Amino acid sequence: MAVTLFNRYIWLADTIYRTGDHGITLEEINRRWLRSQYNYAGEDYPERSFHRHKNAIKEIFDIDIECDKRTKCYSIANAEDIKQ
């Protein structure tokens, strides 16, 4: 169970990171999740789980996922630090 959850954290951080500066909406995250190899049950990515995972990613990896309130897109706030 812990490995599965850890893989989900990595998948989420990587998915958001790959979108670059323009970010990604929760709807697009869900669409990608439905096609993900880590989605064993074929279920949606609930918004509540997304926020819990976003907070865990901050704690574990020190990766800040932020939301642009205007576009409702999520992106990595400290992406430059990750590149280095």
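**Entry 1: the model.** I am working with a predicted model, so every value below is computed from it.

**Entry 2: salt bridges.** I began with the charge pairs. Side chains of opposite charge can pair when their charged atoms come close. How many salt bridges does the count come to? I got 6.

I looked up Arg18 and Asp14, whose side chains meet in a salt bridge at 2.7 Å, N to O. Both sit in helix α1, 4 residues apart, which means that about one helical turn separates them. Arg18 is exposed, at 65% relative accessible area, while Asp14 is partly exposed, at 33%.

I then turned to Asp62 and Lys58. Their side chains form a salt bridge too, again listed at 2.7 Å, N to O. Asp62 counts as partly exposed, with 47% relative accessibility, and Lys58 is also partly exposed, with 34%.

My next pair was Arg70 and Asp68, joined by a salt bridge of 3.6 Å, N to O. Here Arg70 is exposed, at 70% relative accessible area, and Asp68 is partly exposed, at 32%.

I also noted a network of salt bridges that links Glu28, Arg31 and Arg32.

**Entry 3: Arg8.** This residue lies in helix α1, which covers residues 2-18. Is Arg8 buried or exposed? I find it buried, and it has no salt bridge. The nearest side chain of opposite charge is Glu43, at 6.4 Å. A salt bridge needs the side-chain nitrogen within 4 Å of a carboxyl oxygen, so Glu43 does not qualify as a partner.

What does Arg8 contact, then, beyond its neighbours within four places in sequence? My list reads Trp33, Asp44, Tyr45, Pro46 and His53.

**Entry 4: the largest pocket.** Rolling a probe the size of a water molecule over the atoms shows where empty space is left. I read off about 260 Å³ of space in the largest pocket. Its lining has 12 residues, and those closest to the centre are Thr4, Leu5, Arg8, Trp33 and Tyr38.

Key
Residues numbered from 1 in each chain as written. Predicted model: local features only at pLDDT ≥ 70, side-chain atom pairs only at ≥ 80, totals over all residues. Heavy atoms only, no water. Helix = DSSP H or I, 4+ residues; strand = E, 2+ residues; numbered from the N terminus. Buried < 20%, exposed > 50% of the residue type's maximum accessible area, 1.4 Å probe, protein only. Lys, Arg positive; Asp, Glu negative; His and termini not counted. Contact = heavy atoms within 4.5 Å. 1 Å grid on protein atoms, 1.4 Å probe; cavity = no way out; pocket = protein on both sides within 12 Å on 5 of 7 lines; lining within 4 Å. Points joined across faces, edges and corners; volume = space filled by probe spheres on them.
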